[in-house]
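This briefing goes through a single protein model by topic.

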Amino acid sequence: PLIQINLQHCKASTDLLCSDLSVMQTHIALIQEPYICNKLVTGLHTKHNCVIADPVSPRPRCCIVISKSIQYVNLAGFQTADCVAIKISSRLHAFTTTEIVIASIYMPYDNNTVPHDCVRNLVEFCHNHKLPLLIGCDANAHHTCWGSSDINRRGEALLDFIVEHNLLVTN
């Protein structure tokens, strides 16, 4: 299983998620606004998983928690405080393996560029390499297409980007 969650920088939410990850046997968690202590994502490391976040950001706003049983390649060119991407290989059945890029994205409300350049570059990279892309994000963008009760300018801009690049949205 795979989940996406915004932890709102909360230690209690982080502790609860860490407990739930083992109970639900979640393999990948796409997290926005993780709990940070001493400039590091804290509270999500266990003996069964690892945490991928931008190592140079003093306050990463997204990360990926992944089971140690899953082999992945860190796409370092797509690592910022607000973007983390990995590539995994998934066995569909005995004879077929496919690669997929998985990203955790945070789009801060005070950034007028929606989506930001890292997302645009990641979508282009996946398109050019014919790689499927799964993004879990907190876009701070409202649109009825993804279940919001209203529409804001950010939502309109993000929807335009999604349509222009023929992306699929699910809730």
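In this predicted model, strand β9 (residues 96-106) pairs with strand β10 (residues 133-138) in the parallel sense, over six bridges.

**Strands β9 and β10**
- The pairing of β9 with β10 is parallel and counts six bridges.
- Within this pairing, I102 stands opposite L134 of β10.

**Strand β2 and its partners**
- Strand β1 (residues 2-6) runs parallel to β2, and five bridges connect the two.
- I3 has A29 of β2 as its bridge partner.
- Strand β6 (residues 62-67) is antiparallel to β2 and is joined to β2 by five bridges.
- On that side of the pairing, I31 stands opposite C63 in β6.
- In a regular strand, side chains alternate between the two faces of the sheet.
- In β2, I28, L30 and Q32 lie on one side, while A29 and I31 lie on the other, and all of these residues are buried.
- Because five of its five residues are buried, β2 is largely enclosed by the rest of the structure.

- H27 is located in the loop that links α1 (11-24) to β2 (28-32).
- Is H27 buried, exposed or partly exposed? H27 counts as partly exposed, because its relative accessibility is 33%, which falls between the cut-offs of 20% for buried and 50% for exposed.
- Beyond its neighbours within four places in sequence, H27 is in contact with P1, V65, I66, S67, S69 and I70.
- The C-alpha atoms of H27 and G155 are separated by 30 Å, and the two residues are 128 residues apart along the chain.

**Cysteines**
- How many disulfides does the structure hold? The structure holds zero disulfides.
- C62 is in no disulfide; its nearest cysteine sulfur belongs to C83 and is 6.2 Å away, whereas a disulfide requires the sulfur atoms to be within 2.5 Å.
- C126 is likewise in no disulfide, with the sulfur of C83 again the nearest cysteine sulfur, at 10 Å.
- C62 has a relative accessible area of 0% and is therefore buried.
- C126 also counts as buried, because its relative accessibility is 3%.

**The aromatic pair**
- The structure holds one aromatic pair.
- The pair consists of F78 and F125, with 5.2 Å from centre to centre and 55 degrees between the planes, and is classed as tilted.
- Why does the pair tie together parts that are 47 residues apart in sequence? F78 lies in the loop between β7 (72-74) and β8 (83-93), while F125 lies in helix α2, so the pair ties those two parts together.
- F78 is buried, because its relative accessible area is 12%.
- F125 is partly exposed, because its relative accessible area is 21%, and the cut-off for buried is under 20%.

Conventions: Residues numbered from 1 in each chain as written. Predicted model: local features only at pLDDT ≥ 70, side-chain atom pairs only at ≥ 80, totals over all residues. Heavy atoms only, no water. Pairing = 2+ DSSP bridges. Helix = DSSP H or I, 4+ residues; strand = E, 2+ residues; numbered from the N terminus. Buried < 20%, exposed > 50% of the residue type's maximum accessible area, 1.4 Å probe, protein only. Contact = heavy atoms within 4.5 Å. Phe/Tyr/Trp six-rings, centres within 6.5 Å; stacked < 30°, edge-to-face > 60°.
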